[in-house]
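Thanks for coming. I will go through one model today, starting with a pair of strands, then the nonpolar cores, then the charged pairs.

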Amino acid sequence: MTALEESGGRTVEITYNDSVVRKFVLATVLWGVVGMLVGVIVALQLAWWPANVHSMLSFGRLRPLHTNAVIFAFVGNMVFAGIYHSSQRLLKARMASDLLSNIHFWGWQLIIVSAALTLPMGFSAGKEYAELEWPIDIAIALVWVVFALNFFWTLAKRREKHLYVAIWFYIASIVTVAILHIVNSIAIPVFALKSYSVYGGAQDALVQWWYGHNAVAFFLTTPVLGIMYYYVPKAIDRPVYSYRLSIVHFWALIFLYIWAGPHHLLNTALPDWAQTLGMIFSVMLWAPSWGGMVNGLLTMRGAWDKVRTDPVLKFFGAGITFYGMATFEGPLLSVKSVSGLAHYTDWIIGHVHSGALGWNGFMAAGMIYWLLPRLWGRKLHSEKLADLHFWLGTFGIILYVISMWVSGINQGMMWRAENPDGSLMYPTFLETAVTVRPMYWMRLIGGSMYLVGFLLMGYNVVKTVVGAPAVDATVKVVEPPPSQEVAWAKLVFAKPVLITVVVCAVAGAGAMSNLFVSPLLVTVAFIVAITGAIALQAARKKNPGEPTWHRLLEGRALIFTVFAAIAVLVGGVAELVPSLTIKPAEIAGKNDVRPYLPLELEGRDVYIREGCYTCHSQMIRPMRFESNRYGEVSTLSDSMYDHPFQWGSKRSGPDLAREGGKYPNLWHAKHMVDPRSISEGSNMPPYAHLVSEQLDLTRTVDKVAAMKAIGVPYTQNDIATAELDARAQGEAISKDLKANGFDAPADSRLVALIAYLQRIGKPQPAPITKPKDAVSLGGGQ
């Protein structure tokens, strides 16, 4: 008889809901193959432009589909499978509602299908990792609420009062992703599948990368760390290496991560205080990230001999190692000087994929191979195929990452190379693009190897599960008898909390009054005090057998959740609120910046629709080689009316921040229809379809009105004459093109895009008159 039974506990039999776990596992494999296949296609398109076989299958349309499929379809389904499976066992309770579980599964798949349909059709919000339009955003929020309700309901009815470390990470992930998605997705709908973000320019940049970085943190990292803390000890049949290290790892990670978003915007027009804050917290992320890696790898100590024969342990060991590599490289790239070289280059692509393929992909594979025999009651079809999958994936990642490192460093060095007289050594962007093209073929080979590995896993899964009996685990557990819970005041007013509050107050006051020499001293003191207080209290035992403060906290799910939410919100509020309270007029200052003319606004929508932001930036950094190449350094006012902002994160083509007026209309028309007629050797897709695609200019008035509603200073007269103004500007551009031997209808998408390109970087709108002919068609990508 157990201690619980002796104390009056009642034994009950539970059958876990493993049906939903099986669904998520199979969906993980399916969407993993789809997402990686699309990735191989876009890799081919960058190496060989004829692979852009149709406008709906062009790079600009497929790249967002690839990222969404890998992040939200592949990793999302993997995370849900792991959470549903492990939570039931850790909490000793069946999921609270089978109905909610099924709504969650089918709702999420419907969202994925919606993304797969709308993104290739050009319906995009133009925000990285958040491209889906407003109806789908609402669906995501609703399905996430269903998931959260089911999870926390199960938490409330659990039979195991102590919350294991994996549950901590699940709680933080569920709460934070909801906050991130809702804040970043606030937009004003114009009509079905068209909206504008309520944030503009630098404000949108800060909100977007607060979301974008933390989507990586709380969707791709923290839930997978929870999965690591559950499945790695299970796979090797031994406990996690260090309980105390897991405490410091958890609290430091969720607090620090939320501050680090601005490191994606270093050396831009973003205010220096935000850039510095993002850089400091990113560098400090080294410590908790490596704490988690060390905890995972040392959990496997003494079992390395099994790695030679067990594919599950191979994937887990390599996955944790890749996590360590990615979380070393991330803070390194967050240092301003390193970012100056690496940002906008392929180095960032290599960094992202070392995490996505090495950490997420390998942890998913290890978890799936471990789950298959337990969910279907049949031994894995072939361990040799699983081993082959591992080696193909490993060598594929190595080829991929090394090729992107070489390409990225080459790009960064060539862009900044100058002659003794200060002129650019490689003045044409294409010189760099052609130089790194062989690395794109190597990337394609590496990505293809990784895809083949996943195809082998798909085959292995099908052969294992077809005809196998579905197994829903049934266990007997003892319900704990009613007991006196520790008073909430004892937890809330304990020393760790009080120390944290005091340090927060002192650090905040010091930062506001500039009493400290450097914000680095403030933040370091802040983190040391918090983590030190929690760690010391966790380790301290007043009397033998007496639980520590953190152990008591682990028994109070609601208080734990509130503390986790506060830890996350502190950074978000501190970073976002100061920026969001600034009005556009204050950003403009003395610059006489005017909103886009109606046709230019339409053209900007075409730019987003075709995914041009995936290859072009609109941000000239304050570096001599950048201004020599592209023009005057970008300012906050340049993009103040951009909803969403278009600073970009990758330059497969040149920066466009000062594109307006650089070339004549005819140059742009020819460049869009046949890029190689202007820029020989370019890998840009052709956009000839834009000539024949007609805009519905009767709806332009709705777009102008929507922009006015979110703060862009259009007048009522601007709204009333929007259609007429758009047609007049279109006629002027169309006539100019025709005079130079190029026919394009005035209401075509091509003409609207030209209007936008001619405006970028010019503070005043172009006059609605026939522009002067330019002297030549030189220059180019």
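**Strands, cores and salt bridges**

Strand S2, residues 187–191, and strand S3, residues 194–197, run antiparallel and are joined by four bridges. Keep in mind that this is a predicted model. Ala187 has Ser197 in S3 as its bridge partner.

Next, the nonpolar cores. The largest one has 177 residues. Which of its residues touch the most other members? They are Trp108, Ile167, Phe218, Trp251, Ile254, Tyr369 and Trp647. Helix H3, residues 59–91, supplies the largest share of this core, with 17 residues. A second, separate core has 46 residues, among them Tyr596, Leu666, Leu690 and Ile733. As general background, nonpolar side chains in soluble globular proteins tend to be buried together.

Let me take Phe218 as a case. Leaving aside residues up to four places away in sequence, Phe218 touches Ala172, Ser173, Thr176, Val177, Pro223, Ile254, Tyr257, Ile258 and Val568.

Now the charged pairs. A search of the whole structure gives 26 salt bridges. I have picked out a few.

Asp204 and Lys127 meet through their side chains in a salt bridge, at 2.9 Å from N to O. Asp204 sits in helix H7, residues 201–219, and Lys127 in the loop between helix H4 (98–118) and helix H5 (134–156), so this pair ties together parts that are 77 residues apart in sequence. Are these two residues buried or exposed? Asp204 has 0% relative accessibility and so counts as buried. Lys127 is buried too, with a relative accessible area of 5%.

Then there is the salt bridge between the side chains of Glu626 and Arg651, at 2.7 Å from N to O. Glu626 belongs to helix H26, residues 624–630, while Arg651 is in the loop between H26 and helix H27 (665–673), so the pair ties together parts 25 residues apart in sequence. Glu626 and Arg651 are both buried.

Last, Arg749 forms a salt bridge with Glu693, and their closest N and O atoms are 3.2 Å apart. This pair links distant parts of the chain, 56 residues apart: Arg749 is in helix H33 (residues 749–759), and Glu693 is in the loop between helix H29 (689–692) and helix H30 (700–709). Arg749 and Glu693 are each buried. They also belong to a network of salt bridges that links Arg61, Arg609, Glu610, Glu693 and Arg749.

That is the end of the tour.

Definitions and conventions
Residues numbered from 1 in each chain as written. Predicted model: local features only at pLDDT ≥ 70, side-chain atom pairs only at ≥ 80, totals over all residues. Heavy atoms only, no water. Pairing = 2+ DSSP bridges. Helix = DSSP H or I, 4+ residues; strand = E, 2+ residues; numbered from the N terminus. Core = buried A, V, L, I, M, F, W, Y, C linked by side-chain atoms within 4.5 Å. Buried < 20%, exposed > 50% of the residue type's maximum accessible area, 1.4 Å probe, protein only. Contact = heavy atoms within 4.5 Å. Salt bridge = Lys/Arg side-chain N within 4 Å of Asp/Glu carboxyl O.
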